[in-house]
Amino acid sequence: MPSKDKIAYFYDGDVGNVYFGPNHPMKPHRLCMTHHLVLSYELHKKMEIYRPHKAYPVELAQFHSADYVEFLHRITPDTQHLFADELARYNLGEDCPVFENLFEFCQIYAGGTIDAARRLNHQLCDIAINWAGGLHHAKKCGASGFCYINDLVLGILELLKFHARVLYIDIDIHHGDGVEEAFYFTDRVMTVSFHKYGDMFFPGTGDIKEIGEREGKYYAINVPLKDGIDDASFTRLFKTIIAKVVETYLPGVIVLQCGADSLAGDRLGCFNLSIEGHSECVKFVKKFNLPLLVTGGGGYTKENVARCWTVETGVLLDTELPNEIPDNEYIKYFSPDYTLKTQNGNIVYVSAKSIIHFVVKNESNLDKWTSV
Ligand code: ZLS
Ligand code: CA
Ligand code: ZN
């Protein structure tokens with residue numbers, strides 16, 4: 001059945017041309033690979049493709065401090081040695097290096113999420129996709145974990161102009177700390193993050209006991225998980241929690257961060273999800289038929305990131321994709337099998353009992369939930 005949903009997809013060919021540096025796990029080129037795979041399946045024919053505007057400094061300063069935005073604008077790889085104090089103050093360095101065209105990169109991915117939110121606000125689409133967005137760690141006054149500007153917070157602030165309640169869901173393997181922190185004291189945004197927790201895993205926050213404060217108490221949900229969680233456990237937790245949240249919170253719009261570092265075989269991640277498991281979460285969220293803003297996020301084994309986000313573009317379009325990848329100029333990256341679904345070799349089998357760390361606690365906002 002062809003979809004009746006109107007899908008807006010945001011992409012700028014310049015976003016994949018920046019380079020974080022040798023050995024850095026974040027490879028923006030994965031965004032070009034994703035886009036080429038989307039094109040090779042001819043999915044562009046089923047949605048509206050937009051080049052996002054480059055967000056203006058004043059737009060970035062709706063969340064970030066003006067001095068931080070101004071510094072990001074000004075700093076270059078050639079001048080950074082003159083600004084040691086500021087680099088430290090704004091947490092720029094190994095995880096968040098200063099590279100060529102850094103500010104333009106931020107303007108593009110943030111512009112994409114802002115444009116996506118605005119099109120949803122004006123009911124010009126039902127679903128808006130920005131795979132370049134989802135940089136959930138950035139803080140008001142500084143960078144963190146490969147994230148400089150928090151496009152998700154900016155997108156949600158835009159959605160709040162038209163919607164009383166926004167639900168934010170984060171399936172990146174890392175805790176969505178920047179988004180949680182921005183809305184920790186309000187009941188107008190409910191944040192739900194699924195993530196690896198413990199063993200000093202970055203960023204170290206996201207305990208089940210973090211539930212929000214003041215007006216925001218019970219409006220932050222954290223689902224801390226251990227290594228190796230598989231499709232069956234993850235999707236069961238996800239569906240149980242999200243169904244209950246949507247039923248009780250009644251959001252006007254959903255923002256879904258689809259970080260692909262929760263896939264098996266990720267260079268930084270340690271979960272055991274297949275692309276089918278990951279995309280089942282997207283399918284489940286789509287079924288609520290609420291306006292939906294979908295972003296990327298982490299993902300460090302780039303062939304699998306491209307595969308995953310292409311499958312999920314298909315899910316959002318209600319289009320099943322043949323497993324054999326059609327010929328395209330990036331086909332070499334998908335050798336040796338040239339198929340879309342996760343290679344079995346990525347899955348590591350571990351005892352299911354050892355991996356579920358998530359316990360429903362009476363004192364948390366999950367108190368009325370009988371079992372997960
Ligand atoms: O959620 O764990 C850390 C912080 C450190 C260890 C790494 N060193 C460099 C800094 C201090 C405690 N950082 C994490 C950040 C993970 C961000 C995830 C982003 C997202 O997916 C959303 C986009 C981390 N993990 C791995 C690295 N950093 C890392 C690995 C290898 C390198 C090379 C480049 C840089 C320095 C050497 C680097 C970082
Ligand atoms: Ca997460
Ligand atoms: Zn991540």
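User: Which residues come nearest to ligand 1?
Analyst: D95, H136, H137, D261 and Y300 come nearest, out of 19 residues around ligand 1. A residue is near if one of its heavy atoms lies within 4 Å of the molecule. This is a predicted model, where local features need pLDDT of at least 70, side-chain atom pairs count only at pLDDT 80 or more, and totals for chains, interfaces and linings use all residues. Residues are numbered from 1 along each chain as its sequence is written, chains are lettered from A and ligands numbered from 1 in the order in which they are written, and side-chain values use heavy atoms, with hydrogens and water left out.

User: How far is the polar side-chain atom of Y300 from an oxygen atom of ligand 1?
Analyst: The distance for Y300 is 2.5 Å. H174 also has a polar side-chain atom 3.1 Å from a ligand 1 oxygen, and for D172 the figure is 3.3 Å. A polar contact here is a pair of N or O atoms within 3.5 Å; within protein, one must be able to donate a hydrogen and the other to accept it, and residues adjacent in sequence count only if both atoms are side-chain atoms.
User: And how much of ligand 1 does the protein cover?
Analyst: The protein covers 68% of the 770 Å² of accessible area that ligand 1 has on its own. Accessible areas come from the Shrake-Rupley method with a 1.4 Å probe; for residues, only the protein chains shown count as cover.

User: Switching to helices. How do helix 8 and helix 9 pack?
Analyst: Helix 8 (residues 231-249) and helix 9 (residues 275-286) have axes 9 Å apart, at an angle of about 15°. They are therefore roughly parallel to each other. Angles under 35 degrees count as roughly parallel, over 145 as roughly antiparallel, 65 to 115 as roughly perpendicular and the rest as oblique. Axes are lines fitted to C-alpha atoms, for helices over the stretch in contact, and angles run from 0 to 180 degrees between N-to-C directions. Helices (H or I, at least four residues) and strands (E, at least two) are DSSP runs, numbered from the N terminus.
User: What about helix 9 and helix 10?
Analyst: Their axes are 9 Å apart, and the angle is about 30°. That makes helix 9 roughly parallel to helix 10.
User: And helix 5 with helix 6?
Analyst: The axes of helix 5 (residues 102-121) and helix 6 (residues 151-159) come within 8 Å and cross at roughly 20°. Helix 5 is therefore roughly parallel to helix 6.

User: Now the backbone. Which residues does a cis peptide bond join, with omega about 0°?
Analyst: F202 and P203. P203 is in the loop between strand 5 (189-196) and strand 6 (220-225). The peptide bond from S335 to P336 is also cis, with omega near 5°, and P336 lies in the segment after helix 10 (302-316).
User: What is the phi of N101?
Analyst: Positive, about 65°, although N101 is not a glycine. N101 is in the loop between helix 4 (84-89) and helix 5.
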